[in-house]
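Please look at the sequence and the structure first.

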Amino acid sequence: MFGPHLHQDTRGIRVRLLSSRRRHPAAKALLLVFGLFMMGALYSVIAPPAQVSADTGNSQQIEEGKALFAVGCASCHGLNGEGQTSGTIQGPPLAGVGAAAVDFQVSTGRMPMAKPGEQAPVKPNRYSEEEIAALGAYVASLGPGPAIPEPAEYTPANLSAEDLARGGELFRTNCSACHNFEGAGGALPNGKYAPPLIGLDHKRLYLAMLTGPQQMPVFSDEVLTPEDKRAIIGYLDSLHEQPSSGGLALGGLGPVSEGLWAWIIGLGSLIFFAMWIAAKGVKAK
Amino acid sequence: MSEDTSHGHPGTEVATVDEERYPVPDPGLEEHLPRLTDVDEKAADRATRQVATFFGLVPILSIGFVVVYFAVPGDAWVDFGPLRANSRNLLLGLTFGLALLFLGIGAVHWARKLMDDKEMIDYRHSAASSDDDKNYVLTELDKVVDESKITRRKIIGRTLLAALATILLPMIVGLADLGPWPTKKKRAETIERTIWAPGVRVVQDVTFKPIKPEDIEIGQLINGEPANLQELHGSEFQIEKAKAAVIVVRMDPNTITIPPSREGWQIGGILCYSKICTHVGCPISLWEQQTHHLLCPCHQSTFDLGDAGKVVFGPAARPLPQLPITTDAEGYIVAQRDFLVPPGPSYFERDSRHDSP
Amino acid sequence: MAEPAATVNDETAVQAQTPKKELGPVFKLAGGPTKWLDDRIGVAGLSRPFLRKVFPDHWSFLLGEIALYSFIVLILSGIFLTIWFKPSMSEIEYEGSYELLRGLQMSEAFASTLNISFDIRGGLLLRQMHHWAAAVFVAAMLTHSLRIFFTGAFRKPREINWLIGVAMLTLGIINGFTGYSLPDDLLSGTGLRFVDGLIRSIPVIGTWAEFFTFAGEFPGELIIPRLYMVHILLVPALLLGLIAAHLALVVYHKHTQYPGPGRVTGNVVGYPVFPVYAAKAGGFFLIVFGVLTLMGATMQINPVWVFGPYNPAEITAGSQPDWYMGFVEGGIRLMPNWEWHIGSTTWSWNVAIPGLGLMGLFFGLMAIYPFVEAWVTGDKSEHHILDRPRNNPTRTAFGVAAMTGYAMLWIGGGNDLVATQFHVSLNSVTYFLRVAVFVAPVIAFLVTKRICIGLQRSDRDRMLHGAESGIIDRAPSGKYAERHRPISEGEAYTLTQHEDLPALLPATDTDGFSVKEIKREQRRRKATRFYFIDTLRRPTRAEIEEAAHHHMHPMHLSGDGEHHAIEAEVEEEHHLAK
């Protein structure tokens, strides 16, 4: 690139300064560094703008996250996320939960918990996307854990009927035991519950499977692959989109609600008819 | 006043109305009051029109049913408030249902408003037969027995009874092939064994993907099956699956109790248990990763997987069987052998008191 | 009669008296065929006793009809379903029109159910009508038997009909269970798994019964076809036979009636079968049919395509059987985990007691109650006038207590849904119900008995003091009093038409009876005291007269207007009858 170039012109001393040192021992190393620097700069100019992500290498984001953490999370999880496992105020250690767990817990409003309890209920979220990303970056810095997935991972697109059917099988094998056949939710011991899955966005579903929030088990990507997770999400989408063919869905709680309506509407209306049939009626006198 | 309540059945009597037993005497049937439609011709005409209308709507609805049956496609949906349903089902049911309902309502309305509604009296007879009948039957039965000569030749009666009793035997024994007989040998081949064997890989259910320990995180639950289940089909597949289904969980070894005899059954906190509840056999997947409790949704039996599958709540009486696992040469999780105790519900012939470690 | 009265034996005279009526077109048309039939099977003779048979009219008498008509709907819709259903457990790959199950392995039974739901026009409607009808059928039978119980219609001579009813209730529940297990979906398959475990746990014969039921291990390949046979052949045949017997007995005994003016034990007052009763009953059949069809059109039930095909490794949270099995489900959930180990055997009481014991207890208690009450009261007369529930407070209280116990078990069957819907702990619900199942019926018994006695008191008040008129008088002294007006004779008669069943003191005249017989009688008398000691006695004629004089509104107690001297009823001790 910088081959010998004899100029008779007035560029003068600077060119000669560089070219006269072209065989300097440091020349090759410096050249390499310069080349790398140029490539990096070129790439950062051409590459697409990154989404707000928990970039663990971004120390400013981590600092921001740490500050947010100190205010909103440290009272239960400890100033360094080391956790508190005794006393009335408890919070598990956060090393290894990853940015994905933070995204799930904070964006659904579960964290910060308003008061100690068996289960963190969903409530309105007070943090912006950037704040959540910062918190995620900080927590991820405490120990490596699952990262926030890309949209392509959690968006069910181009799934065939067979894929959706397989998603259904996976759902009924792994999920319906807690969340019910329709995702209407279910009971856990001692007042805890598996929440309903109806109307939840894809990312949230994916994050829950990936991170195993609170009592929910973890379904790691190595075992329940991203394709499997997408199939499950796609199945839930189709299931909840499709109309209930037979009429009013009656709550999706199975035979208990069906029995209730059989008595109230079925027997109830028929008893009203019976009362009408046998009524003496108005008499004229 | 003792009425003749023997209408139509001479000689029978029922308890008559007894003045002394009832402090207030029977005032008799109430005066029959006419309905509006009995006295007012306009009201009667109105009621007639109403009945005719109800009946008149039925043909319209019946034809409507036929039209819907052929004209409405099977994938049309109706979206109306809380009702998001199949149009054809809804319309077929509405037309037919209302047709039936109107026909019925019309008939009842006719009866209530227009038909003569004077109450009638009928008289009861005693439920018991008349003395005449009883005497006749007893006398004739006597004759029947005499004519049959059975009293004289008693052996006929005795042998007849024995014959009748035993003729049932072929019919009962004929049902003995209802199913295979669960003898000790048969039980050992069926309910006391599963297809798990040394070296059989634990694979994920539905996808049959084999599993490596490093793929599993603490707090993870995997619904698993034996890899050789894929070779089976149909009824055999279902039967073996109903016994061999397992769950694999990973827990922090510091937080669980592993009995000494089971130290070698796990891989660094990864344990494998039967998925089949020991109460009545429902598959259990509801695992709380923090408490390590496994809750069966059928009848709420709860097992502590961090303590050798002990029962901590609910009606199950037997701990959850654990499958000993290890890794094979390629690093995938495999079973060391079949279950040491039969998975699933208890039964009479097997003493389950030693199932806990 | 315009002509002079002819003698009864003069046949020609009888003929001439038969009015020649102008017959309408329908009758004219039907005349020919009817004569043809009559010539061969004597139609007129057959229909004569029934043509104008009398049936009393009350809405509570129509509950049995709801059950009967639902059964007819079940038969009709069931026949439709059998035309397409395949009762086979052979595995096939689904290629039908429901996308979300495309390509999955499933049994033929499940696939044919999907076919009926999505590819046969009207199939889903008929499936849903059938299932709603089944739920309403059992509900109606239960409500009907409660009406029979609380009004004492099971007393002599109707005990056999009561037993037939208990049998039909049992069969109805069995048929419901076998029916919803036929599609081989995840929910009902889980139920079958439960039944498999239940059968296996029966002491001594468990594994044998299990292997005989399933033709080997669960699930095998024969259980669905076997349940199909039971569901469409065995149980319906038994039910049809029992229904015929049940109705025949109702016709033979004639229907009971509520107390009222003109109604005595020896008669039945009501409307004739033709035209009124036929129109009302026929109309009601169409109404029941219509309501069930409308339910099948608008309310989804048992959406098996969402449950998916049965897979022994899959389950759903909130797994419950249909409502009529709920009490057994509750018993199984609430039962503590008792298991005995004797020698080398295991006795699984945790499953056997609620699984078999509860059903046995429920139907057993229902079946023997009429005989228990008959023994207690020693009453051997026929009863055709119904009891008002308040007049037998102990029986009513027993009934309500039984309903309460049943309800506690029912709630137990849905304890996980109670936990999620009401945000309470699942475990607490279970512990609470374990106690409530025993305590709540006792409380219900005491409360109901007191309510009944209170109602009896208010009846007595009405009898003696009349009805409250809402008009308040103020006496010159300043005292307020409400004016009462006398109740009608009809009501007075109705309020006192029941019998006083006495609470008996222990027998003293015991000569000539064996020790065993004496002990038995003393026990019976103790039972009468338990049953009737709190019950109010009807006011006597003397009391009524006295009260009437007191209120200065003379009541006419007998048709001739005279007041007869009434001897006060003497309380007699009942002696042992020889």
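## Domains, interfaces and charged pairs

Chain B is divided into domain 1 (36–113), domain 2 (133–166) and domain 3 (197–354). The C-alpha centres of domain 2 and domain 3 of chain B are 67 Å apart. The model is a predicted one.

**A nonpolar patch on chain B**

Chain B carries a nonpolar surface patch of about 710 Å². Two helices of chain B, α4 (131–148) and α5 (154–173), each supply at least two residues of the nonpolar patch. Which helix gives the most? That is α4(B), with 5 residues. V144(B) is found in helix α4 of chain B. V144(B) counts as partly exposed, at 47% relative accessibility.

**Chain C against chain B**

Chain C and chain B bury about 9400 Å² between them. Carbon and sulfur atoms account for 62% of that area. In chain C, R121(C), R200(C) and E217(C) lose the most area to chain B. Together these three residues make up 8% of what the chain C side buries. The contact between these chains takes 114 residues from chain C and 100 residues from chain B. How many salt bridges are there between chain C and chain B? The count is 2 salt bridges. A salt bridge also joins the side chains of R263(C) and E119(B), with N to O at 3.4 Å.

**Chain A against chain B**

The area buried between chain A and chain B is about 3700 Å². Here carbon and sulfur atoms give 57%. In chain A, the residues that lose the most area to chain B are Q215(A), V223(A) and W276(A). Together they hold 17% of what the chain A side buries. This contact takes 43 residues from chain A and 44 residues from chain B. Between chain A and chain B the count is 2 salt bridges. The side chains of E288(B) and K192(A) meet in a salt bridge, at 2.9 Å from N to O.

N302(C) lies in the loop between α11 (273–298) and α12 (304–307) of chain C. Is N302(C) buried or exposed? N302(C) is buried, with a relative accessible area of 8%. Leaving aside neighbours within four places in sequence, N302(C) is in contact with E258(A), R127(C), H131(C) and F307(C).

**Salt bridges**

A search of the whole structure finds 48 salt bridges over all chains.

| Pair | N to O distance |
|---|---|
| K243(B) and E240(B) | 3.8 Å |
| K86(C) and E108(C) | 3.5 Å |
| R395(C) and D387(C) | 3.0 Å |
| R263(C) and E119(B) | 3.4 Å |
| E288(B) and K192(A) | 2.9 Å |

Take the pair within chain B. K243(B) forms a salt bridge with E240(B), and their closest N and O atoms are 3.8 Å apart. Both residues belong to helix α7 (residues 234–244) of chain B. They are 3 residues apart there, so about one helical turn separates them. K243(B) is buried, with a relative accessible area of 8%. E240(B) is buried as well, with a relative accessible area of 8%.

K86(C) and E108(C) form a salt bridge in chain C, with the closest N and O atoms 3.5 Å apart. K86(C) lies in the loop between α4 (63–82) and β2 (91–93) of chain C, while E108(C) is in helix α5 (residues 108–118) of chain C. The pair therefore ties together parts that are 22 residues apart in sequence. K86(C) counts as partly exposed, at 45% relative accessibility.

R395(C) and D387(C) meet through their side chains in a salt bridge, 3.0 Å from N to O. Salt bridges that share partners join R155(C), E373(C), D387(C) and R395(C) into one network. How buried are the two partners named above? R395(C) is buried, with a relative accessible area of 1%. D387(C) counts as buried, at 11% relative accessibility.

Notes:
Residues numbered from 1 in each chain as written. Chains lettered and ligands numbered in written order. Predicted model: local features only at pLDDT ≥ 70, side-chain atom pairs only at ≥ 80, totals over all residues. Heavy atoms only, no water. Salt bridge = Lys/Arg side-chain N within 4 Å of Asp/Glu carboxyl O. Helix = DSSP H or I, 4+ residues; strand = E, 2+ residues; numbered from the N terminus. Buried < 20%, exposed > 50% of the residue type's maximum accessible area, 1.4 Å probe, protein only. Patch = residues over 30% accessible without salt bridge, like charges linked within 9 Å, V, L, I, M, F, W, Y side chains within 5 Å. Areas by Shrake-Rupley, 256 points an atom, 1.4 Å probe, with all protein chains shown as cover. Domains from an automatic or database assignment. Contact = heavy atoms within 4.5 Å. Buried area = accessible area lost by both parts, 1.4 Å probe.
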